[in-house]
Amino acid sequence: MGNIAMNLEEEIQQTRKAKKFNLWLGIIGMFMMFAALSSGFIVYTASGVDKGIKTILPQAFIYSTLTIVLSSITLHLAYSAAKLGNIGRQKLLLLVTVVLGIIFFVVQVQAWKVLTEQGVYFINNNASQSFIYVFTGLHLLHIVVGILVLLRALTGVLKGIPQGDNVFRMDLATVFWHFLDLLWIYIYVFLLLNQ
Amino acid sequence: MSSTVISHDAGHHDAHGHHHETFLTKYIFSQDHKMIAKQFLITGIIMAVFAMLLSLLFRIQLAWPDKDFPILEVFLGKWAEGGRIKPEFFLSLVTIHGTMMVFFVLTAGLSGTFSNLLIPYQLGARDMASPFMNMLSYWFFFVACVIMIGSFFVESGPASAGWTIYPPLSALPTSIAGSGLGMSLWLASMVLFIASQVMGGVNYISTVLNMRTKGMDLWRMPLTIWSFFLTAIVGLLSFPVLVSAVVLLIFDRSAGTSFYLSDLVVGGQILPNEGGSPILFQHLFWFLGHPEVYIVVMPALGLTSEVISTNSRKPIFGYHAMVYSLVGITVLSFIVWGHHMFVTGMNPFLGGVFMITTLIIAVPSAVKAFNYMATLWRGNIRFTPAMMFAIGMVSFFISGGLTGIFLGNATLDINLHDTYFVVAHFHLVMGSASIFGMLCGVYHWYPKMFGRMMNEKLGYFHFWLTFIGAYLVFFPMHFMGIDGVPRRYYAFTEFPFMEKWVSVNVLVTWAAIIAGLGQLAFLINFFGSIWNGKKATQNPWNSNTLEWTTPVEHIHGNWPGEIPTVYRWPYDYSKPGHDEDFIPQNVPFSQTMSSNMMHDFEGDDEAVRIQEQWNKENNRVVEG
């Protein structure tokens with residue numbers, strides 16, 4: 001009996017699946033962007049002994065890493081709460097995640113300040129050091145988008161959209177935010193290895 | 001019981017999509033894939049006409065470098081003072097011609113139009129995975145076009161560093177006139193364009209993988225869908241790399257970083273930038289740039305596969321080989337970018353590696369060319385205008401592809417690099433072939449897009465003028481290239497060894513002008529037929545794919561009732577034993593007992609048994 005036309009519920013499920021897949025594809029695109037920067041960094045840094053990071057990365061990066069890992073955990077708990085229909089808990093944890101995201105942003109900007117105090121400027125004849133700003137800056141741009149996505153999930157749950165939609169929004173936000181978390185860890189490790 | 005069908009009519013579908021359709025939501029900010037396809041197509045056509053006019057301008061300069069054309073000054077003002085195009089403007093013309101043709105016409109205009117139109121239609125989906133993103137994709141593209149055209153209205157002129165925008169010309173705003181605001185606008189436009197392509201591409205991939213109707217497994221997809229799908233994958237993996245390259249370039253231009261810049265003196269002044277490498281940009285650029293040429297040509301290959309099979313009334317020859325060759329091209333396209341950089345001082349060993357990977361691409365390409373010819377062989381060919389363009393596409397793909405084998409050789413490339421030989425090669429294999437693929441698609445799917453037919457006579461007229469014109473324009477360039485004439489040179493009269501080629505340039509320019517005028521036939525046909533064309537029937541070409549099962553009138557959700565189920569591959573043309581020479585994909589095998597073959601059942605024993613019993617009862621003898 002497999003060959004029957006699709007009904008409405010199936011079509012909604014199919015569309016949701018496709019939208020989530022879109023997100024994964026977008027993540028591949030973003031990954032390629034940072035992969036290109038990484039390969040650019042490697043090629044550039046290999047072009048001379050005077051190239052390379054040649055500085056100690058600021059402590060602030062450790063704090064921001066802890067912040068974003070923590071935010072991933074809170075978001076995951078918020079998502080679980082949403083799935084169980086525990087709306088109050090979901091709201092609270094989601095709000096905490098947004099705050100942690102903003103803290104991450106502030107700490108990263110703080111790290112730039114530390115870097116300039118160490119004499120590592122963006123405008124630099126050793127572009128390996130400029131790359132630190134490009135990596136972190138582009139990641140921060142993604143974080144801004146990530147915070148917007150979180151806020152959209154938050155307004156959704158505050159307005160009381162249907163449970164199905166709520167869980168779906170949370171699902172997308174969680175995948176994206178975890179990706180941003182992992183992306184930051186990748187960037188940090190990549191920079192540490194080239195320190 | 002699972003077979004309960006919840007009726008799903010178009011009105012119902014509207015209930016969760018569009019509540020009220022106004023002019024604005026229907027024609028402007030439409031989220032319907034059919035409307036977005038038309039938006040992409042018409043914008044693409046406008047950009048193509050614009051870019052073609054640019055090429056005619058620089059062709060005039062090349063043919064008559066010492067003559068004044070006062071009329072040019074009327075239109076171009078200070079860019080053609082005294083009726084002669086200025087050298088700086090000449091460079092802008094070639095740059096913007098290339099940019100618009102490659103990105104706006106042959107990427108967005110081709111992929112954007114036909115992926116949007118055909119992916120939901122041929123797969124049996126009501127729309128794209130994310131219609132909203134799809135709409136954004138178009139509007140980002142539109143704004144990118146506006147900005148690019150807008151760069152003609154700034155005082156220092158449009159970008160002029162070539163479509164490949166190599167630094168330092170593109171990275172130093174003070175280096176030439178076009179490196180100023182024009183270049184900034186180029187970059188802004190391109191960032192928007194990339195955003196558009198990534199959003200579009202993500203949608204195409206996701207739709208193909210998630211939104212197929214029942215029975216439409218991957219090996220029943222038409223080759224059009226395979227090519228759009230693989231094109232979108234190539235785009236998704238390569239465009240973000242260009243973003244990175246462009247971001248670094250913008251920092252070099254505007255912030256003073258030194259990613260690409262080193263040891264430069266401009267106007268007697270030593271620049272502070274040190275340590276950068278322009279080669280780094282070339283690597284990043286060509287990592288997109290080479291896959292980009294396959295982004296341009298693969299959709300054309302898909303469209304022509306479908307049109308050639310339909311109009312030969314024969315199954316496409318080697319369906320699986322066609323798919324695997326597309327996959328092969330997709331994979332190989334990422335590991336050949338170095339062949340654009342043989343003369344940058346690349347390590348000869350690395351050059352050798354890139355040479356081998358490049359030449360391997362000839363294999364899948366040749367598979368496709370031979371399969372086209374084998375499909376045509378002894379077919380019951382209908383020479384519709386679409387079919388003419390499809391055959392023309394194959395012709396250009398072969399004649400342009402052959403010179404790729406010359407250019408892919410690292411040693412030969414030392415001589416041929418940056419000469420007219422390269423110009424001839426890519427204009428045939430990528431430019432003309434893709435444009436012909438696109439036009440073939442327009443002629444073939446016009447009834448699906450506008451519900452009316454195009455005029456055939458004007459179509460043939462358009463074909464022959466364009467076909468002969470394109471060969472007359474690009475073929476002589478091979479000989480100029482072998483003689484060492486470099487591309488992008490402003491006046492052939494300045495160099496004694498090039499002077500003898502001016503007479504050839506006159507021929508080329510006249511051919512270009514006449515072929516250009518020939519496009520009027522297309523424009524009249526295209527825009528005129530929207531209102532005055534003969535009304536189309538539901539399936540005017542007797543084609544098998546699902547888009548022809550939808551009503552002629554466009555409705556939101558494509559099918560008024562249930563989405564059809566697919567039972568067979570799309571190429572059952574002229575199947576022996578069937579009373580018609582086509583069997584649409586949604587016709588079950590139970591209705592075509594007289595033409596079923598045992599391999600149609602893919603090992604389904606029950607079906608084979610029923611068929612054998614039927615054969616016995618009806619005295620049908622199956623060969624083989």
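How much of the chain over residues 23–567 of chain B is helix and how much is strand?

**View 1. The annotated stretch of chain B.** Over residues 23–567 of chain B, 67% is helix and 1% is strand, where helices (H or I, at least four residues) and strands (E, at least two) are DSSP runs numbered from the N terminus. The end C-alpha atoms of this stretch are 39 Å apart. An unreviewed UniProt entry places "domain: Cytochrome oxidase subunit I profile" at these residues; such annotations may be inferred rather than shown by experiment. The model is predicted, with local features needing pLDDT of at least 70 and side-chain atom pairs pLDDT 80 or more, while totals for chains, interfaces and linings use all residues. Residues are numbered from 1 along each chain as its sequence is written, and chains are lettered from A in the order written.

**View 2. Surroundings of B:Ala433.** Beyond its neighbours within four places in sequence, B:Ala433 is in contact (C-beta atoms, placed from the backbone, within 7 Å) with B:Val297, B:Ala300, B:Met393, B:Phe396, B:Phe397, B:Gly400 and B:Leu428.

**View 3. Where chain A touches chain B.** Here 38 residues of chain A are in contact with 42 residues of chain B. H1(A) gives the largest share of chain A's side, 20 residues. Helix H4 (127–159) of chain A also supplies at least two.

**View 4. Helix H4 of chain A.** The 33 residues of H4(A) should span 48 Å at 1.5 Å a residue, and the end C-alpha atoms, 48 Å apart, agree with this; the expected span is 1.5 Å times one less than the number of residues. Just after H4(A), A:Gly160 takes a positive phi of about 75°.

Methods. Two residues are in contact if their C-beta atoms, placed from the backbone, lie within 7 Å.
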